[in-house]
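Today I wanted to look up charged pairs first and then a helix.

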Amino acid sequence: MKKSTIKVLRTKQGMHSTLSEIYLNNQFICYGLENIPRPVKIRGETAIPAGFYLLGFNREGGMNGRYYDDYPNLHRGMLEIRDIPDFSYVYFHKGNSYKQTAGCVLVGTQYVLEDGDYRLLASGVAYKKLYSLVTEQMAQGLVAVQVD
């Protein structure tokens, strides 16, 4: 069974946002955006801890239904980063601002710095690219997520 790795490499810190570069098997795919790391977790407002996690599909909940409606020929379930201590329902998904992360990792093709925080652009384009590449890898074996 083949094992692939998504690497979330945190590169820049805003006042409330953390910008990263996202790689699949060492190939740059897109940028990521999270909340800031905090010593004590605030639900929906804290970056996931650095570490090594498994990726899986989550096929439940309203977000899954919305993404299926948006991408009926692509969507097989939300890309869920699993087994993060004290976190649940952590996905790679589309969005532009740290206010939209809900503790997840947003994706975009470009970024800008506005008023002290990072913002992603062309999130839907990045999401479709990442999702297509990752689901192809998941069909061949395990996919891990390394957050640095």
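I began with Glu114, which forms a salt bridge with Arg119; their closest N and O atoms are 3.9 Å apart. That falls inside the 4 Å cut-off, so I kept the pair. I noted Glu114 as partly exposed because its relative accessibility is 42%. Arg119 is partly exposed as well, at 31%. A reminder to myself: this is a predicted model.

How many salt bridges does the rule give? I got a count of 5.

Next I looked up Asp148 and found it in a salt bridge with Lys7, with 3.4 Å between the closest N and O atoms. Asp148 sits in the segment after strand S10 (141–147) and Lys7 in strand S1 (residues 2–13), so this pair ties together parts 141 residues apart in sequence. I read 36% relative accessibility for Asp148, which makes it partly exposed. Lys7 is partly exposed too, at 26%.

Then I turned to Arg10 and Glu34, whose side chains meet in a salt bridge at 2.8 Å, N to O. Arg10 belongs to strand S1 and Glu34 to strand S3 (residues 27–35), so the pair links parts that are 24 residues apart in sequence. Is Glu34 buried or exposed? I found it buried, with a relative accessible area of 1%.

Last came helix H2 (residues 123–140). Its 18 residues should span 26 Å at 1.5 Å a residue, and I found the end C-alpha atoms 26 Å apart, which agrees. I listed the buried residues of H2, among them Ser123, Tyr127, Leu130, Val134 and Met138.

Methods:
Residues are numbered from 1 along each chain as its sequence is written. This is a predicted model: local features need pLDDT of at least 70, side-chain atom pairs count only at pLDDT 80 or more; totals for chains, interfaces and linings use all residues. Side-chain values use heavy atoms; hydrogens and water are left out. Helices (H or I, at least four residues) and strands (E, at least two) are DSSP runs, numbered from the N terminus. The expected span of a helix is 1.5 Å times one less than its number of residues. Buried means under 20% relative accessible area, exposed over 50%, partly exposed in between (1.4 Å probe, protein chains only).
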